[in-house]
Amino acid sequence: MFEKALPLLESHFGYNAFRNGQEQAIRSVLTGENTICVMPTGGGKSICYQIPALILPGTTIVISPLISLMKDQVDALIQVGIPATFINSSLTFNEAAERIRAAKQGKYKLLYIAPERLESYEFLEDLNGMDIPLVAVDEAHCISQWGHDFRPSYRHIQQMIQNLPKRPNVLALTATATPRVRADICQLLNIDENNTVITGFERENLSFSVIKGQDRGKFLQAYLKKNDKEAGIIYAATRKNVDQLYERLRKENINVARYHAGMGDADRAREQERFLEDNASVMVATSAFGMGIDKSNIRYVLHFQMPKNMESYYQEAGRAGRDGLESECILLYSPQDVQVQRFLIDQSSDRGRITQELEKLQQMVDYCHTESCLQEFILKYFGETETDTCGRCGNCLDSRTSIDVTKEAQMVMSCVIRMGQRFGKNLTAQVLTGSKNKKVTEMGFNRLTTYGIMKDQGAKEVSDFIEFLISQELIAIEQGQFPTIYVSPKGKDILLGKQPVYRREAVKVKEVSKNDPLFEELREVRKSIAETEKVPPFVIFSDAALKDMCAKQPKTN
Ligand code: ADP
Ligand code: MG
Ligand code: ZN
């Protein structure tokens, strides 16, 4: 059957070759295997079910959460001579009934359905009357709790498939599947993990960078001045941020459009149009903007704040450079972004997923703090194993020399252990900088040897340094209502002096002499690590043990 595929690609879509992964996915579907197809946004996933739909007898069902795009997708298919239609909440009862009747008569090759429809028993019965060879599940990560956009209605897909008189083939498609999400999709949709078609996530024309410790407004102003001829998207965290930025850029006579969910439909459509048709060079938007947008000449995507997770980030950043020309993806980071995202996660209705969301947020923070290749970080996040440094991201091009911060790392980690590995980053930073905060003294932390050991630095600086240690996996986080930190096995190696730690940012290095409290401290902490080696590595010291330790280490001055 596959021999029909290429002629169909040419006759209907006007392309003369398959892209990476498309042929493999189509072959797998046509041999009757349930398949999962993981390709980056813009990789060409639609073709992977549209061509089989043309070849297979009957009507292929496409489940898609993007109701606002269904009409456009269907119109585009009709235009190239492929009979297709959609059913979602935008139709009247009679319209939907008419389309179902026509579908039962085999009038369409493709039928797009919003997942909410599957919650209706009557609708499932209607599907029973159709000849369905293939069910394509677009944006399949929506089925997983571990995805970034979980939709409970996706869980009805299994039920729908089981309900059909003849078991159809399943093709799951997604751009953002981490190994965990992939496993989830396969399990829930009954796909053998060996039938995974995955194409590289690397986008060779994109260069990533993270900007820290700079005034964002000033950075943006300078950046736009330098790139005023180019089209770009600026993503901001909240609607309010979008409105503020929009006003500000407008005052600077920049031809700017805006987009967020708080605007009316007509407004949004008009603004989007202005940007797509190159009548506005800059789009300022929340993450509501961009799904399914096919504008090829976007030269930069600038995140004014850190987004909530890597999936969202890579999807949004990936809208740059669809035409294959060099483009930039810049993230402006400030520690307060973490608070904003934490707050948004806390406010979200789905209480059951908070831990997952927080873990994903932490990986996003790690991205902002890593000093190794950003592209490599992303690829590893998405489960690619054979990766290499890109040579073009902000970190690869960073010419500052690394300095040895082993001692600082040891100070911090000793302190974390002394505090019993059950407190947060900020309190740890306060203890290290010798804060007189009530909680510090109440807990007796002012009696620790590590109290004030970094007092020549600000608590914020130290807190930032702890973030860096987290990104290096030397310190790990236990998520919960109040996230706490502990020293990882890798961190213990640093404490034992087995390996050095380097950092590019300027932190003040203090010489450690034999009289330095750190010297004695390290001896003690190393001993206790050696003693606890037999117990699980993340042991939490008991209150008694902690008290004991404090008692043994009276502050000597
Ligand atoms: P995805 O769903 O993976 O984000 P789409 O299916 O929307 O991507 O395709 C992205 C773009 O790539 C579309 O404009 C599509 O027409 C184009 N495209 C898909 N397959 C090919 C191909 N084989 N050759 C050239 N262009 C293609
Ligand atoms: Mg798609
Ligand atoms: Zn790099």
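A nonpolar core is a set of buried Ala, Val, Leu, Ile, Met, Phe, Trp, Tyr and Cys residues joined through C-beta atoms within 7 Å. A residue is buried if 20 or more other C-beta atoms lie within 10 Å of its own, exposed if 12 or fewer, and partly exposed in between, with C-beta atoms placed from the backbone.

1. **Basis.** This is a predicted model, in which local features need pLDDT of at least 70 and side-chain atom pairs count only at pLDDT 80 or more, while totals for chains, interfaces and linings use all residues. Residues are numbered from 1 along each chain as its sequence is written, and chains are lettered from A and ligands numbered from 1 in the order in which they are written.

2. **Overview.** The chain holds 22 helices and 17 strands. Helices (H or I, at least four residues) and strands (E, at least two) are DSSP runs, numbered from the N terminus. Of its 557 residues, 41% count as buried. Two residues are in contact if their C-beta atoms, placed from the backbone, lie within 7 Å. Among contacts between residues at least 6 apart in sequence, 74% join residues at least 24 apart.

3. **Seven-stranded sheet.** One open sheet has seven strands in the order β3-β4-β2-β5-β6-β1-β7, with parallel pairing. Strands pair if DSSP finds at least two bridges between them. β3 (84-87) and β7 (196-198) are at the edges; each has a single partner strand, so one side of each is left without a neighbour in the sheet. From one strand to the next, the twist averages 20 degrees. β3 runs parallel to β4 (residues 110-113), and four bridges join them. Ile-87 stands opposite Ile-113 in β4.

4. **Helices on that sheet.** Helix α2 (residues 22-30) packs on the sheet and touches β1 (35-38), β5 (134-137), β6 (169-174) and β7. The direction of α2 makes about 165 degrees with that of β1. Helix α4 (residues 67-79) also packs on the sheet, touching β3 and β4. The direction of α4 makes about 165 degrees with that of β3. Axes are lines fitted to C-alpha atoms, for helices over the stretch in contact, and angles run from 0 to 180 degrees between N-to-C directions.

5. **Cores.** The largest nonpolar core has 56 residues. Cys-37, Val-137, Leu-171 and Ala-172 have the most contacts inside it. Helix α3 (residues 46-55) gives the most to this core, with five residues. Leaving aside neighbours within four places in sequence, Leu-171 is in contact with Val-29, Thr-35, Cys-37, Cys-48, Tyr-49, Leu-134 and Ala-136. Another core, of 51 residues, lies apart from the largest one. Leu-224, Phe-304, Tyr-314 and Ala-317 are among its residues.

6. **Six-stranded sheet.** A further open sheet has six strands, ordered β8-β13-β12-β9-β11-β10, with parallel pairing. β8 (206-212) and β10 (256-259) stand at the edges with a single partner strand each, so one side of each is left without a neighbour in the sheet. The twist here averages 15 degrees from one strand to the next.

7. **Strand β13.** β13 (residues 327-333) pairs with β8 in the parallel sense over seven bridges. Its Glu-328 is the bridge partner of Ser-207, and its Leu-332 is that of Ile-211. Strand β12 (residues 298-303) also pairs with β13 in the parallel sense, over four bridges. Tyr-300 stands opposite Glu-328. Seven of the seven residues of β13 are buried, so the strand is largely enclosed by the rest of the structure. Ser-327, Cys-329, Leu-331 and Tyr-333 cover one side, and Glu-328, Ile-330 and Leu-332 the other.

8. Just after α17, Gly-434 takes a positive phi of about 70 degrees. β16 runs antiparallel to β15 (residues 475-478), with four bridges joining them. The hairpin between β15 and β16 goes through five residues.

9. **Ligand 1.** Of the 13 residues around ligand 1, Tyr-15, Gly-43, Gly-44, Lys-45 and Ser-46 come nearest. A residue is near a molecule or strand if its C-beta atom, placed from the backbone, lies within 6 Å of it.
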